[in-house]
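Dear colleague,

Here is the structure I said I would pass on. My notes on it follow below.

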Amino acid sequence: MPYLSQAERDYITEGVQSDLRADGRGRLDYRALVLETGIISQANGSARVRLGDGTDVLVGVKVEIDQVEPDADNVGKVVCNVECSPSASQQFEGHGADDLNNELTQALQRVLGGPQCGINFEKLCIIKGQQCWIVYIDAMILDYSGNVLDTIFMATKAALFNTRIPKTQIQDLGDGEFEFEVLDDVEDAERLDGIENIPIGVTLNKIGTGHIIDASPLEELCTEAKLTIAVNKDSQICGIQKGAEGGIEPGLMSEMIQTAKRIGQSLIQQLDQKLQDEEQQVDEKRLNGENIEKLGFFAMV
Amino acid sequence: MSRLELLTPEGLRVDGRRPNELRKIIAKTSVLAQADGSAYIEQGNTKVLAAVYGPQEVRHRMQILHDRAIINVEFNVAPFSTSERKKRSKNDKYDNGIKLQTSQFPRSQIDIYLQVLQHDGGTLQACINAATMALIDAGIPMIDYVCASTAGCIDKQPVLDLNYLEESSDSPELTVAILPRTGKVNLMSMESRLHVDMLESVASLATEGCEQIHTILDAVVRDTTQHLKDSLMQ
Amino acid sequence: MDRKRVNGPELSVVPVEEHTEEKQILDSKERRLDGRGIDDIRPIFMKSGLISQANGSTYMEFGNAKVVCAVYGPRQMKKPSFTGKGVLNCEIKFATFSCKKRRAFQRDAQEKEFSQILVQALTPAVRLDLLPKSSIDVYVNVLENDGTSSTLAAAISAASVALADAGIEMYDQVAASSIAYVQNKILMDPSALEEESEDGSLVVSYMPSLNEITHILQNGNTESAIANKAVEQCIDACSKIYSVMSTVLLQSLDTSDK
């Protein structure tokens, strides 16, 4: 566990106070990020986000057919899993990342596993009372430079935008028996219903009396309390979770929620715009019969 | 349907390659910020990321070797890397025969973390190549590159660099890692049955593949270094 | 499969339940199934010092929810390593029979997460800076779960009382309460039945004398105005729970004096 000296702590806290952080950003400035979708061909959808000079998250989405749950027989579900690779930090070697994996998995699952995630779960059901699609979201943290949870949310939204579910054809065998067939045609695959409503997370770190977004690793060490707020495009709040080991005054908290809502809105707008632009470019290339090259790790930062 | 035709009568393979042809290889070093050295390699559709930490203090004092460094390898497969999603446990199966000048770092440890992002056959060879690149990136003195390649045998025809489809259809697969400068073999592993008469031709084909890979990796390393030099000169 | 224990038969079917008429969560006068109004919390019973082995302990009933909490420490850390501040370890376990569905013996992902939440909710209150090189271990056992979010809130309050009972220095007591969003209404302290038809929930833990929120957890989507109102309601309820907690601690002092 790295420690922060008192001098470093004071430097960061004073910086937050005067709205100028160590890397020249203001309190509410985000770092530049690199985003690309569709880089894992074996997944139904994928995206990689690299934030600033280091946080690297790769999300793969796979859809699989499974039996429906007996107590909810007309819906499919979303299952999230987050894994920190030791390439991000030596602390994650062996079982070192288990606690963090669990914390991030639960945070993601809480927002995306329920109705607040906006995906139409009923459309994921293939035959009522029998089979449904299960959407597995696997996020991998490959490199670490602060603000992991927000990056995961962003990469997940992008990967779900990129996800296509194969179409199914249901045959009525009579006697109330049904059978279905998965159509192999890639062109026929559909996008998930309701992805425009998927929320993203905004984490606010309280340092001293101020709060900042998109904290760097040193700023995270200096954080007294952090608040992750999930917001969707209609500026509804889809989840709040406090982290770190300090308290927040109620007045400051409602101020933080307002800030998060505002920032979340503009982030979602920018993200949607970029995703649509990228898709348009890919579609154009496909129409012209050009080869679609994915940059992956070869993208310039 | 009868067995999938892996070799057409014209001698072409399922992905259109000739028997002695490698898949497209692209690699890049220094892709991660936290690690001391890192590399990313794509061999066809197999994608591997490697990170190297060290040389550094040994974490478990029990393991200290007084005359050289210990090498610790952790191997991890992403759940979305194969066509069927599954959660796999971590294992250290691929403790490969990487050739380092470990005697320069007594009582220390070098960690290599391998992450398979996409699996399409030849994971071991891609891991070895990625680890080599990451070690070079970390600036750890090495005797030579360690280049690995696979070769198999389909219908008595030796073929180079099997993909997942060829790998999973019961064809034997031999992985060879060599030190290209001396031609010494570092690793040779096969977990399937191959007629002994074929072994020599398959092994020599794999060795040939290793040499080709060496040229490609060397070009990447030199290119990166040149780039670095240029930016320093400015 | 767990071979050490007797497992159920391999093939099992869902029992056929007679379809009962669905009960309304709220009647026309906004009374709930158990007769409470929407702002009322369930009656609380609390007693401290029940577990003789532990340095501090509490038993708490929150309506039907029952939790037992034991605190051990401050004691030397298991791994002898230097830390300038003490370490607070929390472990929460749902008894196998506590929920509608049987829980496993091993801690599952939710229990691990709740343990983490408990640490985050209690740490701001405990003066860990006075306890270098030592650890405090808090074990919470849920005997009966009547609404997951209200049980979590009960666990936080109970743990706080147990810490005080162990004589550990704290800035303030942490009281926690929960609400459920049901049909655009805010139901205070929801029971398991009400939780089934909730659109979302909120758990707030709060230190009344310091006026500081130590933890907040919300799921389900709401407008921020409603969320703000819900937080305020939770804070009010926390103050009520706080008075119960203080009374219990004072009582335990009285009995120990005799």
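**What was found**

In an unreviewed entry, UniProt lists residues 261-295 of chain A as "coiled-coil region". UniProt positions are given here in the numbering used in this email, feature names are shortened, and annotations may be inferred rather than shown by experiment. Over residues 261-295 of chain A, the chain is 77% helix and 0% strand, and the end C-alpha atoms are 32 Å apart. Helices (H or I, at least four residues) and strands (E, at least two) are DSSP runs, numbered from the N terminus.

Please keep in mind that this is a predicted model: local features need pLDDT of at least 70, side-chain atom pairs count only at pLDDT 80 or more, and totals for chains, interfaces and linings use all residues. Residues are numbered from 1 along each chain as its sequence is written, while chains are lettered from A and ligands numbered from 1 in the order in which they are written.

**Domains of chain A**

Chain A is divided into domain 1 (1-30 + 199-288) and domain 2 (32-164); such bounds come from an automatic or database domain assignment. The centres of the two domains, taken over C-alpha atoms, are separated by 20 Å. In chain A, 21 residues of domain 1 are in contact with 18 residues of domain 2, where contact means that the C-beta atoms, placed from the backbone, lie within 7 Å. On the domain 1 side, the elements of chain A that give two or more residues are β11 (200-207), α4 (217-221), β13 (225-231), β14 and α5 (250-287).

**Chain C against chain A**

The contact between these chains takes 28 residues from chain C and 28 residues from chain A. On the side of chain C, two or more residues each come from α1 (109-122), β8 (200-207), β9 (212-222) and α4 (224-257) of chain C. Which element gives the most to this side? It is β9(C), with eleven residues.

β9(C) also runs antiparallel to strand β14 (residues 237-243) of chain A, and four bridges join them. Two strands pair if DSSP finds at least two bridges between them. Within this pairing, A:Ile240 stands opposite C:Gln218 in β9(C).

**The record for chain C**

An unreviewed UniProt entry places "domain: Exoribonuclease phosphorolytic" at residues 41-169 and 172-236 of chain C. Residues 41-169 of chain C are 25% helix and 33% strand, with the end C-alpha atoms 29 Å apart. For residues 172-236 of chain C, the values are 28% helix and 48% strand, with the end C-alpha atoms 16 Å apart.

Regards

Terms used
Contact = placed C-beta atoms within 7 Å.
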